[in-house]
Amino acid sequence: MRTVPALLITALCVALPRSALPQEPPRVDCEKDLKKTRDLVEDTWSFAIFRSNSVDLEREFKRLENRAKNTEDPGECADVIARFLATLGDGQARLRYYPEVRQTAPAIELRTLRERLSRTPGEQPTPHVYIVSRDTTDETLREILPGSELVAVDGEPIDAVRDYWMRRISGSTEQWRDFVCDERLLMGPPQQPVELQLRTPSRKLDTVLVARPAYVSASAPDERSTVAWSKTLDGGWGYLRMASFEYVDAATTVALFDEALAPLMEAPGLIIDVRETHAGTADAFLTSAGRFLGQEAVLGYVQERQPGQRRAAEFVDEETGETVSRIPLRAQPRDPVYAGPVVILIDRGCFSACEGFAGGLQSADRALLIGPEPSGGGSGWTAGWELPSEAIVSFSWTVMWLPSGEMVEDSGVKPDIAVRLRGRDFASGRDRVLRRAIEALEKGEAKSLMMAGGT
């Protein structure tokens, strides 16, 4: 038995490499890398014991073994490792870094939408990929209209491009795989052009050639002002945008959350926007959630695999002294408490700590969740492990359960009110989810602390 450790929940959504074109790449022992990845997963991966339909790791290893034996190229080996991790169906499983492998993408935000019904019963709905936004400081990108549909990339139909990437993406839910795929669709060698065929909102076919940016080894941290900020909407409703639960450290993150919340304390209702918020620590989201609670609340449970064994680890709960296998994530009330009704905006990009925050307050009956689909489904703790080549891989070594008993992995946190998105929303700039949140506050669909049974 062990005492409950400090909690860390994090998800870094980065694009996995597809190829690399260094002039004289170093050779790597890909077979060793693949074997090390398999051994790490077999020893530590949480889904192996907490999920009933876990993957056959040895079968997937054998499927890729010959390819690993026959390459020393970093780009090829990176692809082998990515393909192996993709079979795990774990949103935290990814190749974080591979030496000498570099890729970038133009600053274009994409969004896959699926038709509600397929033409043939049992078929998967047809995916359509739309331009949501782009960097308007780039003259070429400025010409691309939001709401345009991406038809082809470098002459390859979008279905084929999506299929390529989907075989290299791990995720416990379809919505998370779509989210990651959208981030990678335009990835390729830095500073090389990529040709996009688009169908504009007026249904005209257009072809645009854009350049991928240079590779930057370490991106600068977000400005403090972009982590958390707030404003007052028409009608007096408060709006707080929380872009990350991981900035510098938990104390700094919470301080930024508090600063954003302070001017909204008298608002008759509050909207918290955590769409595409997919990184953070348990301390940050639990402490932030305390601003909306009248009493202690368990916002979820984390369960850890005993390394090297097919059973759950046991811990001593420091509050009760009991031996437990599910670690309770407790949030304490924190003054000044906001007692008004709360609506939280979620989407497929709400992942990890975001799911603990949103799903926990939903379970505590302190927030109404609104979004186009469930969250990404991946709140387990993760870490980075080094391979012989010095590449870094990661995957889940815990799983998270909501107080209802539902595991976040494989399902995500479900919205109370689902709002269907349409391609034309991006062309018009209409935020259908935000509009529905305002409507929910106007109709009294979200509860205040007193109505929820708080004190």
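Predicted model: local features only at pLDDT ≥ 70, side-chain atom pairs only at ≥ 80, totals over all residues.
**Disulfides**

A search of the whole structure turns up two disulfides. The table lists them.

| Pair | S to S distance | Angle about the S-S bond | Handedness |
|---|---|---|---|
| C30 and C77 | 2.2 Å | 95° | right-handed |
| C350 and C354 | 2.0 Å | -105° | left-handed |

C30 is joined to C77. This pair links distant parts of the chain: C30 lies in helix α1 (residues 30–44) and C77 in helix α4, 47 residues apart. C30 has a relative accessible area of 1%, so it is buried. C77 is buried too, with a relative accessible area of 0%.

The other bond is between C350 and C354. C350 counts as buried because its relative accessibility is 1%. C354 also counts as buried, at 0% relative accessibility.

Number the bonded cysteines of the protein in sequence order, and the pairing reads 1-2, 3-4.

C181 has 0% relative accessibility, so it counts as buried, the cut-off being under 20%.

**Helix α6**

Helix α6 spans residues 158–166. Its buried residues are I158, V161, R162, Y164 and W165. Seen down the axis of α6, these buried residues fall within an arc of 155°, so they line one face of the helix.

What covers them? Helices and strands both contribute to the cover of the buried α6 residues. The helices include α4 (74–86) and α7 (174–184). The strands include β3 (108–114), β4 (127–134), β5 (149–153) and β6 (156–157).

Definitions and conventions. Residues numbered from 1 in each chain as written. Heavy atoms only, no water. Buried < 20%, exposed > 50% of the residue type's maximum accessible area, 1.4 Å probe, protein only. Helix = DSSP H or I, 4+ residues; strand = E, 2+ residues; numbered from the N terminus. Arc of directions from axis to C-beta. Contact = heavy atoms within 4.5 Å. Disulfide = S-S within 2.5 Å.
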